[in-house]
Amino acid sequence: MFVLTMGKNALRRAGAAIACMACIAGVLAAADRLGGGTVTTGASAQARIGSVQEMAEYFTGLGMEVDVTTAAADRVKIPRKWDDSFRAFNGVIAESGLSLEKYKGRKVEKWTLLCPALSGAEGQTYGVLLLYKEKPVGVYLLTQPGGEVTGVESARQTMAEAALQQGEEAAAAAPEEEAEIVSADIGDEEAEAAEAAALAETAGEWPVD
């Protein structure tokens, strides 16, 4: 039988390396999921959504998680005549491949669901989904307070960039952690050497049975 043994210094280095690799792998996976273009806009436009759970799955397909317990519904009317601000709003919706052009003058369901990962002390961010006869006709993000509206693709890019930055910071921190471990190892080795020297000096004084 082959038995592999490792000293405490080697175990410490291995543990640090594994932790760093796990951190980087997690961040890169998140970046891939958020920035990898997982949404097929044609398919999303054809989807039918009849429940809050299906709304959550829809947002998951966009690379975002929502809290279904916060779901709230309202009915709003798409204006017949658009000013520049509403045209700009429709441009935000167009990032997801949808448009309100065909629904001028019609009432749509407006669902809002909290996005926990995008919310914090500065404000709460909600995923907003507009449905006409259970068909998605608009989707965007709304931050409160302030009422800032963000397109899904813009938000995805921002999240992906943040995830990649975290990965770079984790990779940069790895050499520093290794240096600290090596420094601690040297300190341990010096202490062990000093202890061995002290024992050698007093070895002749030990009682012999």
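Is D84 buried or exposed? Select D84 to begin: its relative accessibility is 62%, so D84 counts as exposed (buried means under 20% relative accessible area, exposed over 50%, partly exposed in between, with a 1.4 Å probe and protein chains only).

The model is predicted, so local features need pLDDT of at least 70 and side-chain atom pairs count only at pLDDT 80 or more, while totals for chains, interfaces and linings use all residues. Residues are numbered from 1 along each chain as its sequence is written, and side-chain values use heavy atoms, with hydrogens and water left out.

D84 and R87 are 3 residues apart in helix α4 (residues 84-94), so about one helical turn separates them. Helices here are DSSP runs of H or I, at least four residues, numbered from the N terminus. R87 is partly exposed, at 47% relative accessibility.

Move to E101 and K104. They form a salt bridge, with 3.5 Å between the closest N and O atoms. E101 is partly exposed at 44%, and K104 is partly exposed at 33%. The whole structure has 2 salt bridges.

Finally, select E54, E57, E109 and E134, which form a negative surface patch (residues with over 30% relative accessible area and no salt bridge, like charges being joined within 9 Å; Asp and Glu count as negative, and the charge of Glu is placed at CD). E54 lies in helix α3, residues 52-61, and is partly exposed at 34% relative accessibility.

Terms used:
Patches are made of residues with over 30% relative accessible area and no salt bridge: like charges are joined within 9 Å, nonpolar side chains (Val, Leu, Ile, Met, Phe, Trp, Tyr) within 5 Å. Accessible areas come from the Shrake-Rupley method with a 1.4 Å probe; for residues, only the protein chains shown count as cover. A salt bridge is a side-chain nitrogen of Lys or Arg within 4 Å of a carboxyl oxygen of Asp or Glu. Helices (H or I, at least four residues) and strands (E, at least two) are DSSP runs, numbered from the N terminus.
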